[in-house]
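Please read each numbered point beside the sequence and the structure.

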Amino acid sequence: MENYANEFRMNLKFYREQKGWSQAELTIQANSSNGQIGNVEAGKASPSIDLVFRIAEALSIHPADLFLRDASKAQNRELFSKYHELLLNCEHLPECHQNTVNQLVKSLAESGNNTEYKTSHK
């Protein structure tokens, strides 16, 4: 059970940081009490189901996303899939245009720190 709590805390922090929010900002947006988000992230407190729903709503995510195993990797796999689909859809273009699209996709992957893409695609 502790593993699930750790994953929840990591995902909470991941999605909060993805928004560029501090713990204090999420506290405001989720209508939470002072220090509650920090205590949840630190593993000092467990959120109520109501707080989980308010956090998810504030972060504009589905509550289940907070319980996914390592959401950051799931996001990278989804992004990789979209990059791959884009490259496949460009196969009908002339080679010079394919190279341009490939370079653009590589730049996007690198700017997003998508290491899975960088290591699995030439």
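1. F8 is a buried residue, as its relative accessible area is 5%. Buried here means under 20% relative accessible area, exposed means over 50%, and partly exposed lies in between (1.4 Å probe, protein chains only). On that scale F67, with a relative accessible area of 46%, is partly exposed.

2. The model is predicted: local features need pLDDT of at least 70, side-chain atom pairs count only at pLDDT 80 or more, and totals for chains, interfaces and linings use all residues. Residues are numbered from 1 along each chain as its sequence is written, and side-chain values use heavy atoms, with hydrogens and water left out.

3. The protein has seven helices and zero strands. Helices (H or I, at least four residues) and strands (E, at least two) are DSSP runs, numbered from the N terminus. Of the 122 residues in the protein, 27% are buried.

4. Contact means heavy atoms within 4.5 Å. Counting contacts between residues at least 6 apart in sequence, 56% join residues at least 24 apart.

5. How many aromatic pairs does a search of the whole structure find? It finds two. The rings of F8 and F67 have centres 5.1 Å apart and planes at 45°, so this pair is tilted. Rings of Phe, Tyr and Trp (its six-membered ring) pair if their centres lie within 6.5 Å; planes under 30 degrees apart count as stacked, over 60 as edge-to-face and the rest as tilted. Because F8 belongs to helix α1 (residues 2-19) and F67 to the loop between α4 and α5 (71-89), the pair ties together parts that are 59 residues apart in sequence.

6. The rings of F14 and Y15 have their centres 5.1 Å apart, and their planes stand at 70°, so this pair is edge-to-face. F14 is partly exposed at 22% relative accessibility, whereas Y15 is buried at 4%.

7. Which residues have the most contacts inside the largest nonpolar core? They are L12, L26, I55, L59 and L66, in a core of 17 residues. A nonpolar core is a set of buried Ala, Val, Leu, Ile, Met, Phe, Trp, Tyr and Cys residues joined through side-chain atoms within 4.5 Å. Two or more residues of this core come from each of α1, α3 and α4, and the largest share, six residues, comes from α4. Beyond its neighbours within four places in sequence, L59 is in contact with L12, Y15, R16, K19, W21, L26 and L66.

8. A58 lies in helix α4 (residues 49-59) and is buried, with a relative accessible area of 12%. Leaving out residues up to four places away in sequence, A58 touches K19, W21, L26, Q29 and A30. The C-alpha atoms of A58 and I28 are separated by 9.1 Å, although these residues are 30 apart along the chain.

9. S32 is found in the loop between α2 (23-29) and α3 (36-42). Apart from residues up to four places away in sequence, S32 touches T27, I37, L51 and R54.
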